[in-house]
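Hi,

As promised, I am handing over the structure. Please have a look, and then read on for what turned up in it.

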Amino acid sequence: MRQKFLFALRTFPWRHHLLCLAPLALLIAGLALAQGTGNDLARIYMDMRPRQPGMAAFMQAVSDWVNPCFYLLYAYFALRGLRTGDRKLVRLALAYCAAQVLISFLLVRMLKMAVGKPRPMSALQGEGYIPFTLKHSHHSFPSGHTTEITGATSTLAVRRKRLCFSLTMGLVIALVGYSRIYLTMHHLSDLAAGMVAGTLVSLTIHYLCCEKKHEQTA
């Protein structure tokens with residue numbers, strides 16, 4: 001298992017993965033420099049949304065539907081793999097499901113409950129951390145949306161290994177991340193933590209899908 005893990009780390013296309021993360025990382029840095037990282041950022045978007053109903057509706061749609069679109073894409077991969085007998089495609093879809101359930105769902109939600117960080121709306125009302133809570137208003141850290149979209153898009157980018165495609169996937173990550181800031185559902189640090197968790201998702205999928213190559217080189 002250790003050899004396989006080291007093999008997965010060595011063969012993971014880090015260049016394309018980091019290119020996926022770059023747009024959101026730059027967005028986080030830009031917002032932090034221009035508007036700050038505390039409650040002031042949340043106040044800006046709370047004041048902005050009523051004046052931009054069209055943008056607010058668009059960002060809500062991005063937040064609600066982009067991740068489910070990738071669920072459907074990976075479901076299509078599974079069905080196509082089963083129909084054509086492509087075991088690699090089926091394996092990819094199953095690995096995606098396993099990694100998202102274990103990390104994006106279980107691990108991230110355990111962290112949310114354990115940390116108890118207030119979402120921006122609650123923070124503006126003066127509420128602090130409530131560790132080990134079931135309150136949704138204190139499940140800000142890390143961002144589950146960012147974790148899911150990072151894992152889904154990076155997995156595609158590191159398999160295709162095309163710079164333009166990797167950058168496009170990175171722009172999708174940035175759009176979903178920004179929607180969570182615009183809707184005042186997360187802090188910038190939540191998005192950064194989501195990228196780290198999403199990286200773990202992508203690495204796990206790569207680990208689960210590289211078994212045959214590992215066996216041949218062992």
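The second largest pocket holds about 220 Å³ of space. A quick word on the model: it is predicted, so local features need pLDDT of at least 70 and side-chain atom pairs count only at pLDDT 80 or more, while totals for chains, interfaces and linings use all residues. Residues are numbered from 1 along each chain as its sequence is written, and side-chain values use heavy atoms, with hydrogens and water left out.

A pocket here is an open set of points on a 1 Å grid over the protein atoms alone, with protein on both sides within 12 Å along at least five of seven lines; a cavity is a set where a 1.4 Å probe fits but cannot get out, and lining residues have an atom within 4 Å of a point. Volumes are the space filled by probe spheres set on the points, which are joined across faces, edges and corners.

Back to that pocket: 17 residues line it, and Arg109, Lys112, Gly144, His145 and Arg180 lie nearest its centre. Two or more lining residues come from each of α4 (53-84), α5 (87-115) and α7 (144-160), with α4 giving the largest share, five residues. Helices are DSSP runs (H or I, at least four residues), numbered from the N terminus.

Next, the salt bridges (a side-chain nitrogen of Lys or Arg within 4 Å of a carboxyl oxygen of Asp or Glu). The count comes to two:

- Asp40 pairs with Arg43, their closest N and O atoms being 3.0 Å apart. The two are separated by about one helical turn because they sit three residues apart in helix α3 (residues 39-48).
- Asp190 and Lys117 meet at 3.1 Å, N to O. This pair links distant parts of the chain, 73 residues apart: Asp190 is in helix α9 (residues 188-209) and Lys117 in the loop between α5 and α6 (120-124).

Are these residues buried or exposed? Asp190 and Lys117 are both buried, whereas Asp40 is exposed at 51% relative accessibility and Arg43 is partly exposed at 40%. Buried means under 20% relative accessible area, exposed over 50%, and partly exposed in between (1.4 Å probe, protein chains only).

Best wishes
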